[in-house]
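Subject: Structure handover

Hello,

Here is the structure you asked to take over. Please open it beside this email and find each place as you read.

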Amino acid sequence: MNLTTRLPGLTLKNPVMPASGCFGFGKEYSQFYDLSELGAIIVKAATGEARYGNPTPRVAETSSGMLNAIGLQNPGVEKIIDEELPFLRSYDTPVIANVAGSTVEEYIKVTEALNRSEDISALELNISCPNVKEGGVQFGTDPSLAKEVTFKVKEASNYPVYVKMSPNVSNIVEMAKAVADAGADGLSMINTLTGMQMNLKQRKPIIANKTGGLSGPAIKPIAIRMIYEVRQSLDIPIIGMGGIITAEDALEFLLAGADAVAVGTANFQNPLACPDIINDLPRVLKQYGFDSVEDAIGKGHV
Ligand SMILES: Cc1cc2nc3c(=O)[nH]c(=O)nc-3n(C[C@H](O)[C@H](O)[C@H](O)COP(=O)(O)O)c2cc1C
């Protein structure tokens with residue numbers, strides 16, 4: 001079974017990669033399996049300076065997923081380039097760096113810094129983090145801001161740029177068109193949905209930040225609907241994500257129009273989630289009548 005899939009700047013041996021923020025920089029997971037099995041790796045967000053994230057508690061389990069308000073904790077882009085990315089060099093797997101910031105200037109600073117790294121193949125522009133006070137999600141919910149930051153990052157970058165879309169909008173196609181017009185090479189969709197959960201004993205929200213990003217199986221139908229809508233009106237490559245746990249889930253995303261998929265929350269429940277999906281994918285493709293991954297992409301459109 002041919003699992004290859006092609007995206008701008010990336011030829012993937014299979015379509016499965018861990019999603020940003022759910023895999024750190026790979027070290028912990030490398031103790032469980034050979035990271036060369038992965039189609040690609042999307043690493044944790046990089047900001048201009050180190051960030052310590054939001055106060056705790058900042059994660060909570062929900063009935064079909066999780067809420068998180070980590071707040072883009074990371075050691076800063078320079079340390080990521082010098083101390084984290086070189087570890088991934090020994091694996092036969094392309095690395096996608098995730099770029100975040102509070103201002104357009106910070107996004108550009110991080111992008112320019114990443115130009116000096118030879119350990120990455122593409123950028124994922126995170127304009128959709130719901131858990132930081134400034135920047136983050138407002139770039140991903142206002143089409144003109146999304147357009148501006150995409151254009152400027154694209155101009156500053158030596159690498160293909162995938163823009164990570166926020167689902168916290170009423171018109172995803174309008175947002176996708178804005179970033180495609182600004183020159184995005186591809187889209188990553190979706191990030192988490194803003195949610196809240198109460199602590200009954202304390203009579204207040206469980207998460208110290210009050211709201212958090214909802215991920216996991218609860219958001220899968222929303223992700224699939226949004227990918228389907230964007231694919232229907234735009235011809236732009238898509239990395240799909242949101243609640244994928246099984247190879248069947250991954251196939252649903254391919255049918256909706258994703259060219260590859262990312263797995264986030266499932267890694268916390270099962271560190272082998274990605275290799276399990278990769279190993280099962282040939283059986284599932286065959287069962288539903290497909291000869292390759294590329295054969296399945298977009299076939300769910302009626
Ligand atoms: C704990 C946690 C941290 C995350 N951190 C990031 C991040 O740094 N950058 C980013 O673009 N997305 C981040 N995300 C969003 C995921 O990459 C993914 O888009 C989302 O969780 C949906 O996929 P899933 O349902 O498979 O988890 C994070 C998600 C979780 C659960």
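**Notes on the model**

P57 is located in the loop between β4 (41-46) and β5. Helices (H or I, at least four residues) and strands (E, at least two) are DSSP runs, numbered from the N terminus.

The model is predicted: local features need pLDDT of at least 70 and side-chain atom pairs count only at pLDDT 80 or more, while totals for chains, interfaces and linings use all residues. Residues are numbered from 1 along each chain as its sequence is written, and side-chain values use heavy atoms, with hydrogens and water left out.

**Backbone exceptions**

Most peptide bonds are trans, and most residues other than glycine have a negative phi. Some places in this model depart from that pattern.

The bond between T56 and P57 is a cis peptide bond, with omega about -5 degrees. Another cis peptide bond joins M189 and I190, with omega about 20 degrees. I190 is in the loop between β10 (186-189) and β11 (193-195).

L72 is not a glycine, yet its phi is positive, at about 60 degrees. L72 belongs to the loop between β6 and α1 (77-84). R203 is not a glycine either and has a positive phi of about 50 degrees. R203 is in the loop between β12 (198-199) and β13 (204-205).

Are L72 and R203 buried or exposed? Here buried means under 20% relative accessible area, exposed means over 50%, and partly exposed is in between (1.4 Å probe, protein chains only). L72 has a relative accessible area of 6%, so L72 is buried. R203 has a relative accessibility of 76%, so R203 counts as exposed.

**Strands**

Two strands pair if DSSP finds at least two bridges between them. β4 pairs with strand β7 (residues 95-99) in the parallel sense, over four bridges. In this pairing I42 stands opposite I96 in β7. How many of the six residues of β4 are buried? Six of the six are, and β4 is described as mostly covered.

β5 (residues 59-62) and β6 (residues 65-68) run antiparallel and are joined by four bridges. A hairpin of two residues connects β5 to β6. V59 faces N68 in β6 across the pairing.

In a regular strand the side chains alternate between the two faces of the sheet. T62, in strand β5, has a relative accessibility of 16%, so T62 counts as buried. T62 and F151 are 89 residues apart in sequence, and their C-alpha atoms are 37 Å apart in space.

D249 is in helix α7 (residues 247-256). Because its relative accessible area is 10%, D249 is buried. The side chain of D249 has a polar contact of 2.8 Å with the side chain of K220. A polar atom of the D249 side chain also lies 2.9 Å from the backbone nitrogen of T246.

R231 is in helix α6 (residues 220-233). R231 has 17% relative accessibility and so counts as buried. A polar atom of its side chain lies 2.4 Å from the backbone oxygen of G257.

**The ligand**

Which residues are closest to the ligand? They are S20, K164, G216, G243 and T265, out of 23 residues that surround the ligand. A residue is near a molecule if one of its heavy atoms lies within 4 Å of it.

An N or O atom in the side chain of K164 is 2.8 Å from an oxygen atom of the ligand. An N or O atom in the side chain of N126 is 3.2 Å from a nitrogen atom of the ligand. At A45, a backbone N or O atom lies 3.5 Å from an oxygen atom of the ligand. Taken alone, the ligand exposes 610 Å², and the protein buries 97% of that. These accessible areas come from the Shrake-Rupley method with a 1.4 Å probe; for residues, only the protein chains shown count as cover.

Regards

How values were computed
A polar contact is a pair of N or O atoms within 3.5 Å; within protein, one must be able to donate a hydrogen and the other to accept it, and residues adjacent in sequence count only if both atoms are side-chain atoms.
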